[in-house]
Amino acid sequence: EEREPICSGCGIAIQTENKEGLGYAPPSALERDVITCQRCFRLKHYNEVQDVSLTDDDFLKILNGLGEKKALIVKVVDIFDFTGSWLPGLHRFVGNNEVLLVGNKVDLLPKSLKQSKLINWMKKSAKELGLKPVDVMLMSAEKGLSIKEVASEIDRLRKGKDVYVVGCTNVGKSTFINQMIKTFGGDTEQLITTSHFPGTTLDMIDIPLEDGRALFDTPGIINHHQMAHHIDKQELKIITPKKEIKPKVFQLNEGQTLYFGGLGRFDFLQGERTSFTCFFSNELTIHRTKQEKAEELYQNHLGELLTPPGPQTKESLPPLVKHSFQVKSNKVDIVFSGLGWVTVNGQNLKVEGYAPKGVSVTIRESII
Ligand code: GDP
């Protein structure tokens with residue numbers, strides 16, 4: 001009688017259908033004597049970790065599990081998509097555990113940005129969202145910026161306890177874990193293993209720490225409010241900045257509209273002619289039009305002139321939803337979650353931001 005194949009690394013049931021799912025292995029792997037899922041294979045041979053998609057049920061189990069441990073929680077967010085990558089509700093689950101909040105992808109922000117200002121804004125926003133982190137730090141996992149500082153802060157704050165790294169997909173958690181493997185793993189690289197997250201079939205990566213404790217990588221959590229889920233991989237590349245953002249400045253009169261591809265819209269409703277500085281991926285096309293023509297343009301040209309989305313993904317894109325803002329006298333940013341932001345520098349203005357339903361548009365004091 002045939003038995004279900006399981007992974008030699010983590011013990012999960014092997015499947016060959018869903019590449020993004022747990023336990024995936026290419027069909028050819030089934031012919032081997034020792035079968036390893038793709039995730040464990042990559043970990044073993046390339047010291048690389050991969051994301052898997054999680055159901056909301058597993059997500060809740062992980063969150064519940066965290067509160068039962070005595071550990072330091074390291075929460076990674078994408079500073080370019082702070083609200084979209086936030087993981088709402090985490091604070092209710094961490095119990096008495098301290099949380100170190102780490103903002104990743106700092107390399108994308110213009111050099112003119114003061115990091116202290118960004119850190120203060122992150123502290124303030126975290127508090128508004130119900131979380132009081134013990135510390136807030138910035139890093140670039142990809143460029144290797146401030147990795148050592150984050151590692152030593154983790155070591156200081158954990159006070160002999162285990163560490164759990166959490167974050168939603170696309171924040172750069174895998175890139176960060178790989179950096180931690182280099183930093184903490186040292187000679188013990190062979191000791192890195194995977195283990196199940198208690199009560200789930202999900203596996204985590206354990207990086208042994210010197211006092212017998214471990215740093216655990218919890219599976220990346222999919223946040224359905226992220227812009228990233230409305231477009232395909234190719235289109236995601238366009239909206240995700242890869243290099244330092246070059247701001248684009250528009251002088252607008254009231255009654256003018258900007259489209260950010262077809263994923264965001266900004267209307268200058270009322271006020272004196274003023275300048276609007278746009279911080280988006282350098283590859284994303286910005287279209288200026290008259291507000292009275294904006295709707296028609298969208299109806300007729302979404303997916304081509306206004307892209308991304310593409311001709312395919314536009315079919316399932318939720319309708320744009322309007323968010324209205326009053327700008328009194330301070331410099332503010334209108335933030336399109338997962339896309340970028342517009343800095344408004346003027347007085348007594350009325351503006352509107354549009355994003356696909358479920359994706360947030362918010363206002364904050366300007367961080368530049
Ligand atoms: P995960 O889903 O959270 O594990 O994220 P990944 O580590 O797979 O990274 C998601 C994307 O963000 C990839 O395209 C990475 O190249 C990119 N990325 C990760 N860290 C950084 C960073 O520090 N700066 C920039 N610019 N991109 C990053």
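Strand β9 (residues 256-260) and strand β10 (residues 264-270) pair in the antiparallel sense over five bridges; two strands count as paired if DSSP finds at least two bridges between them. Helices (H or I, at least four residues) and strands (E, at least two) are DSSP runs numbered from the N terminus. This is a predicted model, in which local features need pLDDT of at least 70 and side-chain atom pairs count only at pLDDT 80 or more, while totals for chains, interfaces and linings use all residues. Residues are numbered from 1 along each chain as its sequence is written.

Within this pair, Leu258 has Phe266 of β10 as its bridge partner. Both strands belong to an open sheet of five strands, ordered β12-β9-β10-β16-β13 with antiparallel pairing. At its edges lie β12 (286-290) and β13 (320-327), each of which pairs on one side only. On average, neighbouring strands of the sheet are turned by 20 degrees against each other, direction ignored. Helix α8 (residues 291-301) packs on this sheet and touches β9, β10 and β12, contact meaning that C-beta atoms, placed from the backbone, lie within 7 Å. The direction of α8 makes about 125 degrees with that of β12; axes are lines fitted to C-alpha atoms, for helices over the stretch in contact, and angles run from 0 to 180 degrees between N-to-C directions.

Val150, Ile154 and Arg158 of α5 are buried (20 or more other C-beta atoms within 10 Å of the residue's own; exposed means 12 or fewer, partly exposed in between, with C-beta atoms placed from the backbone). Seen down the axis of α5, these buried residues fall within an arc of 55 degrees, so they line one face of the helix; the arc is that of the directions from the helix axis to the C-beta atoms. On the other side, Lys148, Glu149, Ser152 and Arg156 are exposed. The cover over the buried residues includes β1, β2 (99-104), β3 (135-138) and β4 (162-166).

The largest nonpolar core has 51 residues, of which Val74, Val163 and Val165 touch the most other members. Such a core is a set of buried Ala, Val, Leu, Ile, Met, Phe, Trp, Tyr and Cys residues joined through C-beta atoms within 7 Å. Strand β1 (residues 71-78) gives the most to this core, with six residues. Beyond its neighbours within four places in sequence, Val163 contacts Ala71, Leu72, Val74, Ile154, Arg158, Leu215 and Phe216. A second, separate core of 33 residues includes Leu258, Val335, Val351 and Val361.

Note on methods. Two residues are in contact if their C-beta atoms, placed from the backbone, lie within 7 Å.
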